[in-house]
Amino acid sequence: MKIKKGDIVLVISGNYKGKKGKVREVITKDKRLVIEGINLRKVHTKPVKTGEPGGILEKELPVSFSNVKFVCPSCGKPTRVGFMFLEDKRKVRCCKKCNEVIE
Ligand SMILES: [Zn+2]
């Protein structure tokens with residue numbers, strides 16, 4: 001998986017097109033991501049205890065991987081993620097635009 005929790009991504013289609021957000025969760029099996037502040041839906045909650053009011057929460061719904069692009073923390077551009085090996089043989093992600101290592 002190339003995108004990880006904590007990465008910044010750019011939404012490239014749908015209602016949130018052009019917006020950036022931080023990845024809160026990666027759902028590998030569904031190829032989806034939960035992104036902070038992106039794809040908010042109002043969710044009605046039921047009271048937990050009798051007598052408490054129910055409420056409306058704004059919840060982030062997962063976005064498909066194909067609708068986002070990774071944003072490089074070094075050059076700030078939407079880019080593809082590559083892989084490279086460091087001198088100590090560690091495999092790390094890197095930016096295809098500026099070649100910076102992405103930790
Ligand atoms: Zn870059």
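1. The loop between β9 (81-85) and β10 (91-95) holds K89. In this predicted model, K89 has a positive phi of about 70 degrees although it is not a glycine. The residue is exposed, with a relative accessible area of 70%.

2. N39 sits in the loop between β3 (32-35) and β4 (40-45). In contrast to K89, which is exposed at 70%, N39 is buried because its relative accessibility of 15% falls under the 20% limit.

3. R90 also belongs to the loop between β9 and β10. Its side chain meets that of E103 in a salt bridge (3.9 Å, N to O). E103 lies in the segment after β11 (101-102), so this pair ties together parts that are 13 residues apart in sequence. R90 is partly exposed at 41% relative accessibility, while E103 is exposed at 67%. Through salt bridges with shared partners, D88, R90 and E103 form one network.

4. The whole structure contains six salt bridges. One of them joins the side chains of D7 and R93 at 2.8 Å, N to O. This pair links distant parts of the chain, with D7 in the segment before β1 and R93 in strand β10, 86 residues apart. Both partners are buried: D7 has a relative accessibility of 8%, and R93 has a relative accessible area of 3%.

5. A further salt bridge is formed by the side chains of K29 and D30 (3.7 Å, N to O). K29 is exposed at 73% relative accessibility, and D30 is partly exposed with a relative accessible area of 40%.

6. K2, K69, K77, R80, K91, K96 and K97 form a positive surface patch. Of these residues, K2 is found in the segment before β1 (8-11). K2 is partly exposed, with a relative accessible area of 39%; this value meets the accessibility condition for a patch, because that condition requires over 30%.

7. As to the overall architecture, the chain has zero helices and 11 strands. The radius of gyration is 17 Å, whereas a compact globule of 103 residues would have a value near 13 Å. The C-alpha trace spans about 60 × 30 × 20 Å along its principal axes. Of the 103 residues, 27% count as buried.

Definitions and conventions:
Residues are numbered from 1 along each chain as its sequence is written. This is a predicted model: local features need pLDDT of at least 70, side-chain atom pairs count only at pLDDT 80 or more; totals for chains, interfaces and linings use all residues. Side-chain values use heavy atoms; hydrogens and water are left out. Patches are made of residues with over 30% relative accessible area and no salt bridge: like charges are joined within 9 Å, nonpolar side chains (Val, Leu, Ile, Met, Phe, Trp, Tyr) within 5 Å. Accessible areas come from the Shrake-Rupley method with a 1.4 Å probe; for residues, only the protein chains shown count as cover. A salt bridge is a side-chain nitrogen of Lys or Arg within 4 Å of a carboxyl oxygen of Asp or Glu. Lys and Arg count as positive and Asp and Glu as negative; His and the chain ends are not counted. The place of a charge is taken as NZ of Lys, CZ of Arg, CG of Asp or CD of Glu. Helices (H or I, at least four residues) and strands (E, at least two) are DSSP runs, numbered from the N terminus. Buried means under 20% relative accessible area, exposed over 50%, partly exposed in between (1.4 Å probe, protein chains only). The radius of gyration is taken over C-alpha atoms; the globule rule is 2.2 Å times the number of residues to the power 0.38.
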